[in-house]
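Subject: Structure handover

Hi,

Here is the structure I promised you. Please open it next to this email and read along.

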Amino acid sequence: MNVKSQGTIVLQILVALPAIIILYYYLQPLINYFTYDLLPLSEESHWGQAINFFLYDTIKIIILLFVISSLMGLVNTYFPVEKLRVYLTTKKLYGLQYFFASFFGAVTPFCSCSSIPLFIGFVQGGIPLGVTFAYLITSPLVNEVAVAMFLGLFGWKATLIYASGGILLGMIGGYILGKFKLDRYLSDWVKQIKANSQTEFNQFEADNTPFIQRLPSIINEGWDIVKKVLLYIIIGIAIGALMHGFVPEDFFTQYLSEDKWYAIPLAVILAVPLYANAAGIVPVIQVFVAKGVPLGTAIAFMMAVVGLSLPEATLLKKVMQWKLIGIFFGTITLFIILLGYVFNWLL
Amino acid sequence: MEIKVLGTGCAKCKSLEEITRKAVEEKGIDASVDKVEDIMEIMNYGVMTTPALVIDGKVVVKGKVPSINEIKELL
């Protein structure tokens, strides 16, 4: 790539970035103008409000998701996975390794197909199983889609609680699982890898592509993520918008309110077999919360939906025996339930 | 030239395979492009992040989908 095209990239970003910020800032008045002035809908009508709400939420979340995906892509491009591996195996970290692994799981964009190679890579590098689990727990739980949806629908405070709760869950879950002797329940070929594990020191080569030339592909990938989940976002928000209108106020309160001790275990256990991605589930969760379900219960429900799923179990089957998958899922379920109580108590 | 695309079958891996085939075609070089989906085989290359691109046994790209121009340069 020559100098001229670098200049073009810089120019495009200089134009696009303020445009996105301005659009985000003036989105509500813009959508109001569109629905109530351009379309023949009145501000008081049920449909007018629903369409306004739907358009505003969808566009807001698309913008957030695009920005967050690009930022995470940026972190990822420069995140030295190999260095992390060496760091985790050679340094005495006094428990902090669980935090690093869990945090790393949060910033890597969740692609189930990347989780397994990373898992093996960690095992290969001689990283303890518990630390590897910390990564594996947080990876699907905290991802760019979940963060963008939470930011858009619940605000930054709930997002912070969700993300830090997810990272904490990975750390604690990984630590506890690491205490059991679980190595024997890995698949045979993984055991073999583990037996031959060794610390590699200088396997990484520096990548010298300048930042500016990296940007277009990072931004493209961010946009790809948006395109991939766009349909789910639209369906999720549409269901949410419909539920807002038709589910009576306080409908869920009778079953899932805070004073019922069994509400959280019930919500979590119901959620484990459900499989949905964050894009589809958060708008529905938002309705739950609007209709009287405590936020902590809702977050626990959501964590169980995105963090534990049958497709994930079948992927894990490649690297571990069913018994270990059972222990893994059971432990996480238990901790999600506990976390739900903590959230409700905190919020 | 022997080219291998490593990936367990997610969207990114598929797009890397597509771009690689296109790059080979546009450059008009004689090369075989194979997709490696078996996780055990992938791990033999010491790759931790998929998708990855292997040219003549050497891992040249991992964990991302490069642009077609980048691949052409690598070829």
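Below is what I found, chain by chain and then at the contact.

One caution before the details: this is a predicted model. Every value below is computed from it.

**Chain A**

Start with the make-up of the chain. Chain A has 17 helices and zero strands. It runs to 347 residues, and 39% of them are buried. Take the contacts between residues at least 6 apart: in chain A, 86% of them join residues at least 24 apart.

Next, the core. The largest nonpolar core holds 96 residues. Those with the most contacts inside it are Ala148(A), Met149(A), Ala300(A), Phe301(A), Met302(A), Ala304(A) and Ile336(A). Which helix gives the largest share of this core? Helix H15 of chain A, residues 295–307, does, with 10 residues. As background, nonpolar side chains tend to be buried together in soluble globular proteins.

Ala148(A) is worth a click. Leaving aside residues up to four places away in sequence, Ala148(A) touches Ile61(A), Leu64(A), Leu65(A) and Ile68(A).

Then look at helix H13 of chain A, residues 263–271. The buried residues of H13(A) are Ala263(A), Ile264(A), Ala267(A), Val268(A) and Ala271(A). Viewed down the axis of H13(A), these buried residues fall within an arc of 120°, so they line one face of the helix.

**Chain B**

Along the sequence the pattern is β-α-β-α-β-β-α. Of its 75 residues, 36% count as buried. The C-alpha trace of chain B spans about 30 × 20 × 15 Å along its principal axes. Is that chain compact or extended? A compact globule of 75 residues would have a radius of gyration near 11 Å; chain B has 11 Å, so the two agree. Among contacts in chain B between residues at least 6 apart in sequence, 65% join residues at least 24 apart.

Now the strands:

- E1(B), residues 2–6, is mostly covered, with four of its five residues buried.
- E1(B) runs parallel to E2(B), residues 32–36, and five bridges join them. Here Glu2(B) stands opposite Ser32(B).
- E1(B) also pairs with E3(B), residues 52–55, in the antiparallel sense over four bridges. Lys4(B) stands opposite Val54(B) in this case.
- E3(B) pairs in turn with E4(B), residues 58–62, again antiparallel and over four bridges. Ile55(B) faces Lys58(B) as its opposite number.

E3(B) and E4(B) form a hairpin, with two residues between the strands. In that turn, Asp56(B) has a positive phi of about 50°.

**Where the chains meet**

Best wishes

Terms used
Residues numbered from 1 in each chain as written. Chains lettered and ligands numbered in written order. Predicted model: local features only at pLDDT ≥ 70, side-chain atom pairs only at ≥ 80, totals over all residues. Buried ≥ 20, exposed ≤ 12 C-beta atoms within 10 Å, placed from the backbone. Arc of directions from axis to C-beta. Rg over C-alpha atoms; globule rule 2.2 N^0.38 Å. Contact = placed C-beta atoms within 7 Å. Core = buried A, V, L, I, M, F, W, Y, C linked by C-beta atoms within 7 Å. Pairing = 2+ DSSP bridges.
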